[in-house]
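The model is shown below.

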Amino acid sequence: MRLLSSLLRGSPWGSLLGVLLLLCLPGAASAAEVDGAAMGLLWALPFAGILLSIALLPMFAASLWHEHFGKITLGWTLLFVVPFSLTFGWHASLGLGVHVLLGEYLPFIILLFALFTISGGILLQGNLHGSPWLNTRLLALGALLASVMGTTGAAMLLIRPLLRANDNRQHTAHVVVFFIFLVANVGGGLTPLGDPPLFLGFLKGVSFAWTLQHMALPVVLLAVPLLGVFYLIDRHYYRRESELLPEDPTPDSSVRLLGRRNFVLLAGVVLAVLMSGVWKPGIGVELMGTHVEVQNLLRDGVLVGLALLSLWLTPQALRTANEFDWGPIIEVAKLFAGIFLTIAPVIAILRAGSDGPLAALVASVTGTGGEPINSMYFWLSGTLSSFLDNAPTYLLFFNMAAGDAQVLMERMPQTLLAISMGSVFMGAMTYIGNAPNFMVKAIAEQRGVKMPSFFGYMGWSCAVLLPLLVVLVVVLL
């Protein structure tokens, strides 16, 4: 309830949520089909504005962004909604709102809410000695957990224990950098639960099994060399420091895992998502042109129930010790409400293909015979994911390729793989490529770690991650 009141009370998003709820009222006509070929690029301005705001304002106007990000996002959203309604009519706008709310936004935010809430009830208490071998094992564990708990959940669970284990060492920035590579990004590539782009693909019809089967090899081929490179670098620094290490401010102590019942709830999340992908009874409801299937309604209800159960079963003292608060999920909820609405005209333009104003972009990923250039799909989706948010970037290229999950899985599996790899892996190239990246950086700096600057971090990613990605593209695409 506190989360709901935070979203509504004293916030312009309360008004927006009210509008979205009104969209669910019966009696309005279905949304009109919008011809992307007839739309100009100005319709993409609000979407670009939100993404650029997310990318640039936290760096150049941090206080403005943190205090007013909801209002800024709402402003860009209204810049799309009002002209769209005046141009295409309120019925089309209502239909679009229903589709965004029921078909995309609520399933997406409910999964993130469940994973965030449940993982926030798990605490790794105690302290270990931050040797190269222990650090490597913690990074490997985090990479594995990321595909079950989500990259945000795994990162928040392990970053503080990792920092405590290394708090007597002089060189620790590289540990956090590789943690961002592996736990906040690459490790989430195995399942739709791991990283938001893959869950958006799941909502569009990409099966859970397809993602696991096709992404397993790329994740292993990237994660194993990263762990090896990290071990060598960390061992180098550890040997230089071994005779000069100061007294450990948090001496080694036995490690205890608290809130273990939340792992049972996480298993429930996995089963609920699997159920919605496997069980297809063919029953659903139609609302203003949006068909909502009963298995998806059941999944979302179960996920909300599991999150509430975690809040009830987990002692508040444990969440306090975990420094749990609702800020990150509230921020994501507000930002993606705007993103999912403003991306609609961009998707329509992309679907227009060579007849639309983004014909040059479509041509850059298409061969002379009309076949997709998979390496270009990887690098373009990856480059945008590095500087913008990787979830909407995935949607853009998913729709550019075909927009139909069955077509992509059956006829264009390498193209879908290229988009998935680019969106997930290259989110690690900068601090702003994926939401957990900046959260991890902020926590590390609060603990006294002198993290690289924005471009300093890119120096690490270009030197270590980028060559491995080049090899991955050559081998797999």
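## Cavities

A cavity is a set of grid points where a 1.4 Å probe fits but cannot get out. The model examined here is predicted. It holds three cavities of 30 Å³ or more. The largest cavity has a volume of about 70 Å³.

## Lining of the largest cavity

Which residues line the largest cavity? They are Leu124, Gly126, Asn127, Leu128, Leu138, Pro161, Arg164, Ala165 and Val255. Two elements, β1 (123-127) and α6 (132-165), each give two or more residues to this lining. Helix α6 gives the most, with four residues.

By class, the lining of the largest cavity has six nonpolar residues, two polar and one charged.

## Packing of α5 and α11

Two packed helices are described by the angle and the distance between their axes. Helix α5 spans residues 90-119, and helix α11 spans residues 294-313. Their axes come within 9 Å. The crossing angle is roughly 25 degrees. Angles under 35 degrees count as roughly parallel, so α5 is roughly parallel to α11. The crossing of α5 past α11 is left-handed.

On the α5 side, the contact is made by Pro107, Ile110, Leu111, Phe113, Ala114, Thr117 and Ile118. On the α11 side, Arg299, Asp300, Leu303, Val304, Leu306, Ala307, Ser310 and Leu311 take part. The residues of this contact divide into 11 nonpolar, two polar and two charged.

Conventions
Residues numbered from 1 in each chain as written. Predicted model: local features only at pLDDT ≥ 70, side-chain atom pairs only at ≥ 80, totals over all residues. Heavy atoms only, no water. Axes fitted to C-alpha atoms, helices over the stretch in contact; angles between N-to-C directions. Parallel < 35°, antiparallel > 145°, perpendicular 65-115°, else oblique. Left-handed = near helix turned anticlockwise from the far one by under 90°. Contact = heavy atoms within 4.5 Å. Nonpolar A, V, L, I, M, F, W, Y, C, P; charged D, E, K, R; others polar. 1 Å grid on protein atoms, 1.4 Å probe; cavity = no way out; pocket = protein on both sides within 12 Å on 5 of 7 lines; lining within 4 Å. Points joined across faces, edges and corners; volume = space filled by probe spheres on them.
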